[in-house]
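Here are some notes for a first look at this model. Please read them with the structure open.

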Amino acid sequence: MKALVYHGPGKKSFEDHAKPEITAPSDAIVKVSKTTICGTDLHILKGDVATCQPGRILGHEGVGVIEQVGPAVTAFKPGDHVLISCISSCGKCAYCRKRMYSHCTTGGWILGNKIDGTQAEYVRIPYADTSLYPIPEGMDEEALVMLSDILPTGFECGVLNGKVEPGSTVAIVGSGPIGLAALLTAQFYAPAKIIMIDLDDKRLAIAKKFGATSCINSVKRDAVEAVMELTGGAGVDTAIEAVGFPATFELCQKLVAPGGTIANIGVHGKQAPLHLELLWDKNITITTRLVDTVSTPMLLNVLKSKKIDAKLLITHHFKLDRIMDAYETFAHAGNSGALKVIIEA
Ligand SMILES: [Zn+2]
Ligand SMILES: [Zn+2]
């Protein structure tokens with residue numbers, strides 16, 4: 001089969017690769033129909049993710065059809081149309097019993113990291129019963145690819161951890177796919193204000209379409225000043241960090257109101273300063289999380305009922321044999337305007 005393989009920092013190739021085989025009774029082999037590229041894949045290619053070793057097939061998002069199941073798989077059979085979760089969950093360890101699947105002792109985020117991933121014609125999914133979701137009849141495959149990772153990530157790490165409430169004020173720093181996923185799902189709770197902050201007017205224009213009440217280009221305007229103006233000098237109840245830079249985490253610390261919450265989503269590769277000298281008396285909460293995908297069944301129902309349109313996040317389409325071009329487009333989002341790219345196997 002064909003697959004996109006990581007060969008160490010800065011190196012990847014689209015090449016022939018052995019087809020995966022069932023190695024444990026709870027495995028399934030899925031024929032991938034659609035996948036995508038994540039910001040995390042770019043982190044791996046920079047060499048930021050030490051657990052991902054050269055030779056690994058990348059990708060942790062996608063939908064497909066089950067080709068084969070191991071003898072212990074009872075919830076799925078060959079031919080079933082499935083959504084692949086970015087998090088593999090054994091369902092049995094202490095973390096899984098706490099619904100903290102991201103820390104599953106033998107699973108978690110392993111796809112396209114510690115084991116071969118979805119940017120290929122076929123992928124082996126461990127713990128298939130608890131790591132795959134059945135796709136209801138007639139649902140749009142492309143929208144569902146947004147459910148493998150970015151929608152649950154924006155919702156769980158940003159909106160749930162950020163305790164977004166009706167009538168509250170929210171600032172989201174970063175208007176990329178994850179920030180936009182947080183913007184879409186924050187609206188479940190009807191906050192009074194959702195302020196998007198980014199450096200790119202194109203991305204902010206999309207945020208406006210997605211329901212942002214205000215957009216701030218922090219190159220053109222001091223973001224702190226602008227947010228204080230919009231909130232009567234108080235700051236926001238929820239500041240969501242959706243970039244992963246020290247500066248954006250520091251910005252959230254300046255935006256949060258007394259009693260508020262900073263919810264970090266960004267993947268931080270560097271130490272980020274925490275200004276306790278300014279925050280020690282502000283009654284704030286700071287949360288961190290790797291997505292657990294516990295909200296996936298709920299989000300599946302939301303998409304099914306068309307309460308949100310996840311396809312709005314998709315800007316480009318490529319066939320699998322043009323995945324190298326897809327990476328170029330995705331990596332240069334400033335020029336290409338790319339949000340999520342769909343790759344069709
Ligand atoms: Zn991802
Ligand atoms: Zn587990």
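1. I150, L151, T153, G154, F155, G158 and V159 in helix 5 meet P177, I178, A181, A182, T185 and A186 in helix 6. Contact means C-beta atoms, placed from the backbone, within 7 Å. Helices are DSSP runs of H or I, at least four residues, and strands are E runs of at least two, numbered from the N terminus.

2. This is a predicted model: local features need pLDDT of at least 70, side-chain atom pairs count only at pLDDT 80 or more, and totals for chains, interfaces and linings use all residues. Residues are numbered from 1 along each chain as its sequence is written, and chains are lettered from A and ligands numbered from 1 in the order in which they are written.

3. The axes of helix 5 and helix 6 come within 8 Å and cross at roughly 70°. That makes helix 5 roughly perpendicular to helix 6 (65 to 115 degrees). Axes here are lines fitted to C-alpha atoms over the stretch in contact, with angles from 0 to 180 degrees between N-to-C directions.

4. Eleven of the eleven residues of helix 5 (residues 150–160) are buried, so the rest of the structure largely encloses it. Buried means 20 or more other C-beta atoms within 10 Å of a residue's own. The cover includes helix 6, strand 11 (236–241), strand 12 (256–264) and helix 11 (296–304).

5. The largest nonpolar core has 107 residues. Such a core joins buried Ala, Val, Leu, Ile, Met, Phe, Trp, Tyr and Cys residues through C-beta atoms within 7 Å. Helix 6 (residues 177–186) gives the most to this core, seven residues.

Methods
Buried ≥ 20, exposed ≤ 12 C-beta atoms within 10 Å, placed from the backbone. Contact = placed C-beta atoms within 7 Å. Parallel < 35°, antiparallel > 145°, perpendicular 65-115°, else oblique.
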